[in-house]
Amino acid sequence: MIDTHTHLNLIDYDNDLDEVIKSAKSNGVDQMIVVAIDTKSAHKAIELSKRYECLYPTAGIHPSEVDKADFVELERIIRNEKIYAIGECGIDLYWVKDNIKQQLAVFIKQVELSIKYQLPLIIHFRNSFLETYNALLPYKGKIKGVFHCFSGNLEEALMAIDLGFVLGIGGVITFKNAKELKKIVENVDLKNILLETDCPYLAPTPYRGQRNEPKYLKYIIDEISKIKNIDIKEINKITNENATRLFKLNKVNSKEEII
């Protein structure tokens, strides 16, 4: 399995990252994308990817970090380092609403960087699907990526797919009250779905409320299997192909890294 959205570069894993990665691998997760929220976390993601061959770094500015946006350094990272996506970036109207113009400006700059460097976008859109969609629409045909931790309705899911994006499905799919998300997964073709944990956040049932880890990806794929009545192996095959194609992932070397 491929976990397409982790934050293993956060302090939550500073004391046991080796064990977390070993546990992930023993539970069938052998590739993990490490997502940045600012330039500092991008540097750490890159550093970790050089220690662990199974990790793939991104670089971007999360909407909660727009006050610290450093585009000179961000583009230097994108230009000089091997990264696999730009993000996570987008618009968040859950925590702060009065800086929408600033969020939008920072987001658009990253969209344009994704076009310039031909990299996919990892989109954060909490309480802001239409604002995010409308910002992306003028670039239709030039952009691709994933709407991370998809939280819209079925109509919005289809709009995102029509825009050229796929949907990131994580631990929320295992929650009893996730009726709309279950409906989306039931009705959307697997070719439009990626698996993700968003660890350390949003741990799936039965670990809800605890620190999330890539090894819990199996609970997400199990739930998708039940909803779609498709064998786990087939889901794994198709979603792996989706992730490998979108992010242009290298194959993990047969030689295990020392951890």
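**Exercise 1. A residue in its surroundings**

In which helix is the place of S114? Determine also whether S114 is buried or exposed, and list its contacts.

*Solution.* The model is a predicted one: local features need pLDDT of at least 70 and side-chain atom pairs count only at pLDDT 80 or more, while totals for chains, interfaces and linings use all residues. Residues are numbered from 1 along each chain as its sequence is written, and side-chain values use heavy atoms, with hydrogens and water left out.

Step 1. S114 has its place in helix α4. Helices (H or I, at least four residues) and strands (E, at least two) are DSSP runs, numbered from the N terminus.

Step 2. The relative accessible area of S114 is 3%, and S114 is therefore buried. The term buried means under 20% relative accessible area, exposed means over 50%, and partly exposed lies in between (1.4 Å probe, protein chains only).

Step 3. Leaving aside residues up to four places away in sequence, S114 touches I86, L119, L121 and I143. Contact means heavy atoms within 4.5 Å.

**Exercise 2. A residue in a strand**

Step 1. L167 counts as buried, because its relative accessibility is 0%.

Step 2. L167 and F147 are 20 residues apart along the chain, and their C-alpha atoms are separated by 5.1 Å.

Step 3. Not counting residues up to four places away in sequence, the residues that L167 touches include V146, F147, I184 and L194.

**Exercise 3. Salt bridges**

How many salt bridges does the count come to? Examine the pairs K50 with E81, K68 with E65, and E213 with R211.

*Solution.* Step 1. A salt bridge is a side-chain nitrogen of Lys or Arg within 4 Å of a carboxyl oxygen of Asp or Glu. By this rule, the count is eleven salt bridges.

Step 1. In the salt bridge of K50 with E81, the closest N and O atoms are 3.6 Å apart. K50 lies in helix α2 (residues 39-51) and E81 in the loop between α3 (71-80) and β4 (86-90), so this pair ties together parts that are 31 residues apart in sequence. K50 counts as exposed at 63% relative accessibility, whereas E81 counts as partly exposed at 24%.

Step 2. K68 and E65 form a salt bridge whose closest N and O atoms are 2.7 Å apart. K68 is exposed, at 57% relative accessibility, but E65 is buried, with a relative accessible area of 15%.

Step 3. Between E213 and R211, the salt bridge has an N to O distance of 2.9 Å. Salt bridges that share partners join D16, R211 and E213 into one network. E213 is buried, with a relative accessible area of 9%, while R211 is partly exposed at 27% relative accessibility.

**Exercise 4. Two helix pairs**

At what angle do α3 and α4 pack, and at what angle do α2 and α3 pack? Classify each pair.

*Solution.* Step 1. Axes are lines fitted to C-alpha atoms, for helices over the stretch in contact, and angles run from 0 to 180 degrees between N-to-C directions. Angles under 35 degrees count as roughly parallel, over 145 as roughly antiparallel, 65 to 115 as roughly perpendicular and the rest as oblique.

Step 1. The angle between α3 and helix α4 (residues 100-116) is about 25 degrees, and their axes are 12 Å apart. α3 is therefore roughly parallel to α4.

Step 2. In the contact, F71, L74, E75 and I78 of α3 meet V106, K109, Q110, L113 and K116 of α4. By class, this contact has five nonpolar, one polar and three charged residues. Here Ala, Val, Leu, Ile, Met, Phe, Trp, Tyr, Cys and Pro count as nonpolar, Asp, Glu, Lys and Arg as charged, and the others, Gly among them, as polar.

Step 3. α2 and α3 pack at about 20 degrees, with axes 10 Å apart, and are therefore roughly parallel to each other.

Step 4. T39, A42, H43 and I46 in α2 meet E73, L74, R76 and I77 in α3. The residues of this contact divide into four nonpolar, two polar and two charged.
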